[in-house]
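I opened this notebook to record what I looked up in the structure. The entries follow in the order in which I made them.

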Amino acid sequence: MARANSRSAAPTWRGLRWLVSCLTLFVLAGLPLGCQSGLSESLDGRACGPRGECLAGYTCDAASSKCVKTGGATLACGEGQTVCGGACVVLSDDENNCRSCGTTCSAPPHGSPVCIDSECSFACKSGFLGCGNSCVDAATDVENCGACGHACPGGAGGVAACRDGVCAVDCAAGFNDCSGACVDVSNDPARCGGCNTTCSAIQACDLGKCQADCAGGRANCSGSCMDTTTSPSNCGYCGMACPMPANGAASCKGGECSVVCSAGFELCGSACVAIKTDAQNCGECGNACDAPANGIGVCVGGKCGASCGQGFALCGSACVDTNTSPANCGGCDKPCGATEACSNGKCVNGCPGGTTNCGGSCVDTASDPAHCTTCNNACPAVVNGSATCDANGCGVACADGFGPCNGECMKLDDTQNCGACGKACAAKPNSSAVCGPTGCDIACNFGYTKCGGECVDLNSDLAHCGSCPMACGAKQVCATGKCSDVCVGSDTSCDGSCVNLQTSTSHCGSCTKVCMPPNNATPTCAAATCDFACVSPYIKCSSACANTNTDPLNCGGCAKVCPTKVHAVPVCSNSQCTTKCATGYSQCNGVCVDTNTDRNNCGQCGQKCDRGESCNASNCG
């Protein structure tokens, strides 16, 4: 029995001796306890040593920090290369392993991810233009036609189009293309029956002919005889134009507005969208893709994804700066310890001079818009641009085609900001204000002619009778374009100008009553009462004119107000309400949250901490 015990003890001693030698080897080499018994010949899957050490025949895969078999010989990489996933890569320029193994770069649709000097970016493919974090086809994109932010206006009679970077309109059935404008020549007094036929100021265009008045129950809308039950420009009553969304056309039935979408687009609310590519309606109406901080939500083939801005890596579904992220310090899934912070891609015990520890990130509060002047002071969201930060506080950097104006980024080509912030254009009698290539100007009403910077009726103006300038004598009047002794018919002499007080916008109801329109409108006078008609793409909303494609107070229709949310600003784009989150906040399920601290979206949207855990520095614990 004793021998049997002795025999059984011998193998045990040999095993112990093997284990001691193995432990000695690993201690001397600084390797973890990764030895296996002689029954196994594989060390695959064992952790590498603290300096990437493995036994002969194995190499350390930096992507997993595990030893992998290399067929008996260590994988030989060139100078400056690193083993990632069993392959040799250069971390400074590999978009799938940017700065560290497994840290991937992203790109929006029509773009390609790139890694430059260990920082993620993207490049738009040939034929596409980079606009913010997106790549657009400026030759065909109606929202960015020829340049970023240059949207093409639609019209009541057609659909906005962009051809070779130039805005155009595709006219609907029944409308003629008159020098780029879609015109119903059956009722337009300026092009009655054809693009080059004009009615007189006292006539109306009815069924393609200039007439004294409208017939068949049609309403006289500033010289146009309209069926207000079917006219999208006068739906229900004169001057009530229907909203005109991108990728669709306005429609009027029974005096009520509706929308008809172009082929390939689907009606979602008041907007016409392509559900396979629209990030606000991805795969179905209302399914908005989450938008991570420092990136955007994208929709490809009806499936949501994310794309990061330049300088940010895609870690899971979050866009992070691996220089400062405590959960992804130096690369994805490289968390710092509870008492450490991330500085320049490395975990440190104390932030270096000039930086401040903000939730585990070493940041410069004099330049970081997410922590501007102090930790957690996020700069407000900026539509059509991005927030900036300097020693004086938050500022804005505007996208191409936009300029800074009162803390916002605006297109400086409208009548309230013409060429410069706050430079408003003033309308004059018988005209609407416009902002043209050379600055403020006026567009004369139908039937009026510009003479010396004023809009006048050559049929009645005493100083411009028949032509400009052509003044009548001291005791004469101007009647029907000729100097005369007395006005004819029902016209009234207003200081020598023979006018119809029922229809004259400069003498509406009385000689001294001048009709003045609101912004983006032309004045009208009907039945001696002043009114106005909005200039396309604006429509009448109460006493003002609004662009329902972009106005958050009238988004997709009058009085449809986009809701205000915490840490965000409301945005109206393509007749849809969206949200732009403040700097450093992610849009998760329609709400702007800080994924560094939100336990329901810890590190990235949808990642919940367990009960009792909190979220700190993007990690649950």
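I looked up Cys-444 and found it partly exposed, because its relative accessible area is 26%; buried means under 20%, exposed over 50% and partly exposed in between, with a 1.4 Å probe and protein chains only. Cys-455 counts as buried, at 5% relative accessibility. A disulfide (a pair of cysteine sulfur atoms within 2.5 Å) joins Cys-444 to Cys-455, S to S 2.0 Å. The link of Cys-444 and Cys-455 is left-handed, with -80° about the S-S bond. This pair links distant parts of the chain, with Cys-444 in strand β36 (residues 439-444) and Cys-455 in strand β38 (residues 454-456), eleven residues apart. Helices (H or I, at least four residues) and strands (E, at least two) are DSSP runs, numbered from the N terminus.

I note the basis of these entries. The model is predicted: local features need pLDDT of at least 70 and side-chain atom pairs count only at pLDDT 80 or more, while totals for chains, interfaces and linings use all residues. Residues are numbered from 1 along each chain as its sequence is written, and side-chain values use heavy atoms, with hydrogens and water left out.

One joins Cys-534 to Cys-545, S to S 2.1 Å. The torsion about the S-S bond of Cys-534 and Cys-545 is about -85°, so this disulfide is left-handed. Cys-534 lies in strand β44 (residues 529-534) and Cys-545 in strand β46 (residues 544-546), so the pair ties together parts eleven residues apart in sequence. I recorded Cys-534 as buried, because its relative accessibility is 19%; Cys-545 is buried at 12%.

Which way is the link of Cys-282 and Cys-299 handed? I found it right-handed, with 85° about the S-S bond. Cys-282 and Cys-299 are both buried.

Next I looked up strand β17 (residues 248-253), which pairs with strand β18 (residues 256-261) in the antiparallel sense over six bridges; pairing requires at least two bridges found by DSSP. Cys-252 stands opposite Cys-257 in β18. The two strands, β17 and β18, form a hairpin with two residues between them, and Gly-254 in the turn has a positive phi of about 60°.

Finally, I recorded totals. The protein has one helix and 52 strands. Of its 621 residues, 39% count as buried.
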